[in-house]
Amino acid sequence: MKKIFRYGAALAISAVCVLGIAGCAETTSEKGLTPDTGLTGGVAATVNGTEIPEDDITRNINSLRLNASAEDDDAWAKYLNQMGYTPSSLREYFLDSMIDQQLVIQFADDEGCGATDEEIQGQVDKMRQNYSSDEAWQEALENSGFETEDDYREALKYSIGNEKLKEKFANEAVADDAKVLEQAQSQYNGKGTMRRSSHILFAESDQAKAQEVLGQLQAGTLDFAEAAKEYSTDTGSAENGGDVGWDGTNSFVEAYQTALDGLQVGEMTDLVQSDYGWHIIKCTDMVTVPDEITDLSQVPDSLLVDIRASVKETQASEDLSAWKKSKRESSDVVINDMPENVPYNVDMSAYETPEEEKATDEAAEENLVEDVENTENAVDSAEAATNEAGNDAGAADASGAAPEQPAEGESSAATEGGAQ
């Protein structure tokens, strides 16, 4: 049978490795746990005859465990419980991902999205040129989880193919107006006036530098977006010129929001201090939405563009998932049981598993429903008994029979009490 390897470094060897082999050394803990600890061999699953080795899953889970600093079995069990996993469900998660990867490798060509030999070779050449010798290149491959360059090429076959599939489904996706309206209502109903902003963030210790940059911005000698890319410590927004989106869909710290509320489009703050450091904030757009959106014509164009893009992205993701699901259903996929002796298979009896928690919740719900039904039945029985007694009394009165009286000397309290 054919064999595939782990895809931990799918598209390219880690950027750290580009800087040198020392930066790409395999993680090893003081207790000795490494990605290769406890390898058992064997096959976790086959996809149309192609094997997914059990050890690939073990390496991935060991790496996750190292990153979570959960080498101790108790700490690992606690971590799994907090994340809502058991050893077997975590294995299933990784295995499902590997099966999907293999389906992309096998079927991307059907959609015209397969990785070409030229694309794969180009990526290999691009990475290979960062190393001074064949030995250094081979060491980098091994430290990144690849036994050979061919293994790396196979990983690229998946990564490139998957990216092409994403692009294909993104191009084909349509933002249905009904879904766009639904999302607009969900996100923006009742938001009122909203502001879009960009910022440049400096560390608390860099106030002097922040003031210098602010002066250049105010003088018009420095572009805000370029300054964000060069100076902002918020790397996520810096790539987009400092853009952080709309305040109606994001929760900003109080100092940031208060400063933004005082801006009109195009205006910029002085330095604003928050727990994150020093901000320079610029309002880039402002809109007002009605309390209740009933038609897309009520949604400002600047918001509508973002909503359509979001709906289209979601649709493309759903379409790709559906494609993978259909390929899996039409494929010969055989999944083998998890070995008992894998190192991540720890005792979780001290914790309630997600399955047990769900079962407990369902049992509690069933008991609640049963209690309600029993109460309702008891009430119904009591009402029926009361009605029957009333009917009997009415029948006696109609026949002319006198109501029964207490015996001589007997108190009428019982009768009175019964009527109470």
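Residues 24 or more positions apart account for 72% of the contacts in the protein with a separation of 6 or more. The model is a predicted one. The protein has 15 helices and 8 strands, and 36% of its 420 residues count as buried.

**Helices α5 and α7**

- Two packed helices are described by the angle between their axes and the distance between the axes.
- For helix α5 (residues 117-128) and helix α7 (residues 149-172), the axes come within 9 Å and cross at roughly 120°.
- The crossing of α5 past α7 is right-handed.
- On the α5 side, the contact is made by Glu119, Ile120, Gln121, Gln123, Val124 and Met127.
- On the α7 side, the residues are Glu149, Tyr152, Arg153, Leu156, Lys157, Ile160 and Lys164.
- By class, the residues of this contact between α5 and α7 are 6 nonpolar, 2 polar and 5 charged.

**Cysteines**

- A disulfide is a covalent bond between the sulfur atoms of two cysteines.
- The whole structure, when searched, shows 0 disulfides.
- Cys113 has a relative accessible area of 4%, so this residue is buried.
- Cys283 also counts as buried, because its relative accessibility is 0%.

**Ser274 in strand β6**

- Strand β6 (residues 272-274) includes Ser274.
- The relative accessibility of Ser274 is 13%, which is under the 20% limit, so Ser274 counts as buried.
- Apart from neighbours within four places in sequence, Ser274 is in contact with Val253, Ala255 and His279.
- One of these residues, Val253, is 21 residues from Ser274 in sequence, and the C-alpha atoms of the two are 7.4 Å apart in space.

**Positive phi in loops**

- Asn48 is a residue other than glycine with a positive phi, near 50°.
- The place of Asn48 is the loop between β2 (43-47) and β3 (50-53).
- With a relative accessibility of 32%, Asn48 counts as partly exposed.
- Ser69, which is not a glycine, has a positive phi of about 50°.
- The loop that holds Ser69 lies between α2 (54-67) and α3 (73-83).
- Ser69 counts as exposed, because its relative accessibility of 60% is over 50%.

Note on methods: Residues are numbered from 1 along each chain as its sequence is written. This is a predicted model: local features need pLDDT of at least 70, side-chain atom pairs count only at pLDDT 80 or more; totals for chains, interfaces and linings use all residues. Side-chain values use heavy atoms; hydrogens and water are left out. Axes are lines fitted to C-alpha atoms, for helices over the stretch in contact, and angles run from 0 to 180 degrees between N-to-C directions. Helices (H or I, at least four residues) and strands (E, at least two) are DSSP runs, numbered from the N terminus. A crossing is left-handed if the near helix is turned anticlockwise from the far one by less than a right angle, and right-handed if clockwise. Contact means heavy atoms within 4.5 Å. Ala, Val, Leu, Ile, Met, Phe, Trp, Tyr, Cys and Pro count as nonpolar, Asp, Glu, Lys and Arg as charged, and the others, Gly among them, as polar. A disulfide is a pair of cysteine sulfur atoms within 2.5 Å. Buried means under 20% relative accessible area, exposed over 50%, partly exposed in between (1.4 Å probe, protein chains only).
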